[in-house]
Amino acid sequence: MKKTAFLTVFVAIISFGIKAQNSNQVSARLSFNQLELGYQRTFFQQKIRGETYVGLGNQDINKKFDDFVTGLRIGTPIFRNEKNAIHIAAGIGFYFSNNDIYSVVTPVYSGFIAYNRFLGQSEKHSLLINLGYQYGENDYKQEYNSADIYTATTGSFTVSPVYFSVGYGFHF
Amino acid sequence: MKIFNQYLITMLAGLVGFSSCSKEELAFTNGDVKIEIETGEHWLHDFPLFLGISKKNPPQFAIWLEDTAGNYISTVFATYKIATEGWQANNGNRRKEALPYWCHQRGVVYEDGLMLPTKANPLTDGISGATPKENKTLQLSIRNFTEPVVIKAEFNHSIDFNEFYPEDAKEGDANYSGGDMGSGQPAVIYAGTLNPGAKELELQMIGYSSADGTNGNIYTDMEKLSTAKTIVGKIRVTIE
């Protein structure tokens, strides 16, 4: 729980503490298992973009959108024209399960293609589509103790390997 | 920029730390009982989702202890859905036909008159856990293990229909198993008596449960079952 709080505060500081400037983007993305809010900025004459995100997931055993996700993504453009941009990107992050059955923090690694479709003439708004692969797996242990028995077992939490999200980005 | 770099370093350091200590293992000590469930050919069963897409579902199951007189002692493990009424989109169907023998042996009647744990009152004894897609190992220590105990297990797939338990059987028919989202083939039951001082034991299939979940009887005319008989490969019990 302390780790969750630490990362939440840290990401929030980053998201709100940086001065607004061009080449920044805030976004909201929705996938089958995740809802994310992200902050992105570009570096090195827009050749590299970095993004932090926080969000909710529903991949643990209770299937409720009450798990916490956070992470960092870095990408580079492979195509760009007036209305479209395509990046390849890699990500690292954490998935914090939240249920009554087990507790596990799972590191998640991802690689994906990100497509931006700029809307309107000002390039302030864009449609975001990400498609890729992610890997996250971690073991956990469960125990039960009573006057009659002690029992224990292990399980494994796995993040869905397919990552597909659709979202909206605001550039400033 | 500086704070962004610090964040990156923090994330990387955290990931390295987590990745290096992610393996959880059971620590058996002298006298502990190891229960190993080996999956069978039909451990995973196609469950339709939509538009012809299906997913491979593992079975619901429970493992529990009784004394040799048939008195329930404790659940060791029960799958999450049956233990917490954790079904997705079940439209109120409590699936009483899922593991009726275990339910009746426990003998706990809930507010709706059924013997299944509810969302409000989930199972409180034993471990409730995710249904494994592969072999499962449990560590068990029995307090005051001076008398023989009976280890029992019950396994069930939903919509596992066959010619004896068809989808179109009507409520009241002998082969009715809960309708189109019911069990199909009823739950299969395994049991074995573990004596103090024994070294190993393999649970044997002793029958199957009530198809519609209305009683806690064991039925032994196994020829009515087909794929249900190979949900489980083997259940091996060893004393460390």
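Is I159(B) buried, partly exposed or exposed?

A: I159(B) is partly exposed, because 19 other C-beta atoms lie within 10 Å. The cut-offs are these: buried takes 20 or more other C-beta atoms within 10 Å of a residue's own, exposed takes 12 or fewer, and partly exposed is in between, with C-beta atoms placed from the backbone.

A word on the source: this is a predicted model, where local features need pLDDT of at least 70, side-chain atom pairs count only at pLDDT 80 or more, and totals for chains, interfaces and linings use all residues. Residues are numbered from 1 along each chain as its sequence is written, while chains are lettered from A and ligands numbered from 1 in the order in which they are written.

Now the place. I159(B) sits in the loop between β8 (149-156) and β9 (188-194) of chain B. Strands here are DSSP runs of E, at least two residues, and helices are runs of H or I, at least four, numbered from the N terminus.

Next, the backbone. Most residues other than glycine have a negative phi. I159(B) is not a glycine, yet its phi is positive, near 45°.

R95(B) also has a positive phi, about 55°, and is not a glycine. It lies in the loop between α2 (80-84) and α3 (100-106) of chain B. R95(B) counts as buried, because it has 22 C-beta neighbours inside 10 Å.
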